[in-house]
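Subject: Structure handover

Hi,

Here is the structure you asked about. Please open it alongside this email; my notes follow below.

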Amino acid sequence: RYDVSSIRVSGLSARYGQARALVDVEVDVHKEEIVAILGHNGAGKSTLLKSIARVHREARGTIEIGGRSVVELRPNAVAAMGVSLVREGAPVFTHLTVEENLKLGARLGRRRGRDAAAIEDAFEWFPMLGERRHAMAGVLSGGQRQMLCLSQALVSRPDVLLLDEPSAGLAPSMTEAVFQAIQKLCRTGVAVLLAEQDMRWVEGFASRYYVIETGRVAESRPLGAGLPGPDLLAEEVTAA
Ligand code: ATP
C-alpha cells in the first residue's frame, strides 16, 4: 500500500531517439520527504523529472504515483493526480498580475474553493511577491518570476512536487526562502523530488540523495551519511 504522496520509479529507461538518457533507474520518494537528484550537466536529472510527469514520453519501466502506474498516462492526467513539475524558466502570464497568475495556478489544482487560503500562504512564504501582488508579472525580476513559478505550483496544492534546479539563478537569500517554502509544503504531506547542483541547499534541506551519472544511479544515501565523494561530484564540490 502506498500513500498518494509517493513516487516509485523502478527499472526506468528513457531515450531521445537513439540516444539513451536513463538506464534502469530506481528512485523512491515517500510522503513528507525531500529527496535530491545530483549529477553533472547532462547526467539525466531533468529527464527523470520529465519522465515522471510524463512530459518526456520516450520512457519504459515502472513509474508509480501513490502506487498507481502513470506510464500510460498523458501529462495532464498525471497533473490531475496531484503531480506538479516546476521547470527552470517556466513561463508566467506576463500581462496578468502576480495574484491573477496565482489564481490560475490554484484553479489548476484539485482543491477548488481553497484558492484564497493557498494564495495567502504563498504571500506569507514569499513576502516579496505579496508586496507585488497587483504588479504585472512581466515587470518582475528573474528571481521574483522564479518564485512566482514555484508559487503557482504550491497554490495548486500538489501531492507530489518535482523541481528542476530550484536554486538556479537565485541569490542565496531568495534560495533560502524558496527552500523554506518547499520544506513547509513538504511537511503538509507532500513528496518532493528535486534536481539540484548546489550542495549547500541539498545538505540543508534534503533527507536523502541519489547521484545520477550518465543516466544511471551511481549512489544513493541518506544525508546523515555525508555528501557524495569528490570522485562522483568533483565539479559540484569545487564549484560550491
Ligand atoms: P542539466 O543540468 O544540464 O539539465 P540533466 O542532468 O538534467 O542536465 P538531461 O537534461 O536530463 O540532463 O539530459 C540527459 C541526456 O539527454 C543528455 O545527454 C542530453 O544531451 C540528452 N537530452 C536532453 N534533452 C534532449 C533532447 N530534447 N533531445 C535530445 N537529447 C536530449
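Predicted model: local features only at pLDDT ≥ 70, side-chain atom pairs only at ≥ 80, totals over all residues.

How many bridges join strand S4 to S5? Two, and these strands run antiparallel. S4 covers residues 59-65.

S4 and S5 belong to an open sheet of four strands. The order is S2-S1-S4-S5, with antiparallel pairing. S2 (19-29) and S5 (68-69) are the edge strands, and each pairs on one side only. Helix H1 packs on this sheet. H1 touches S1 (7-16), S2 and S4. The direction of H1 makes about 115° with that of S1.

**Helix H1**

H1 spans residues 45-52 and is mostly covered. Seven of its eight residues are buried. Just after H1, look at Arg54: its phi is positive, at about 70°.

Two packed helices are described by the angle between their axes and the distance between the axes. I use both below.

Start with H4 (residues 115-125) and H6 (residues 142-155). Their axes come within 9 Å and cross at roughly 145°. The crossing is right-handed. From H4, the contact uses Ala118, Ile119, Ala122 and Trp125. From H6, Ser151, Leu154 and Val155 meet them. By type, the residues of this contact are six nonpolar, one polar and no charged.

Now H3 (residues 98-108), which also packs on H6. Here the angle is about 40° and the axes lie 7 Å apart. H3 and H6 are therefore oblique to each other. This crossing, too, is right-handed. H3 brings Val98, Asn101, Leu102, Gly105 and Ala106. H6 answers with Leu148, Ser151, Gln152 and Val155. The residues of this contact divide into five nonpolar, four polar and no charged.

Best wishes

Conventions: Residues numbered from 1 in each chain as written. Heavy atoms only, no water. Buried < 20%, exposed > 50% of the residue type's maximum accessible area, 1.4 Å probe, protein only. Pairing = 2+ DSSP bridges. Contact = heavy atoms within 4.5 Å. Axes fitted to C-alpha atoms, helices over the stretch in contact; angles between N-to-C directions. Left-handed = near helix turned anticlockwise from the far one by under 90°. Nonpolar A, V, L, I, M, F, W, Y, C, P; charged D, E, K, R; others polar. Parallel < 35°, antiparallel > 145°, perpendicular 65-115°, else oblique.
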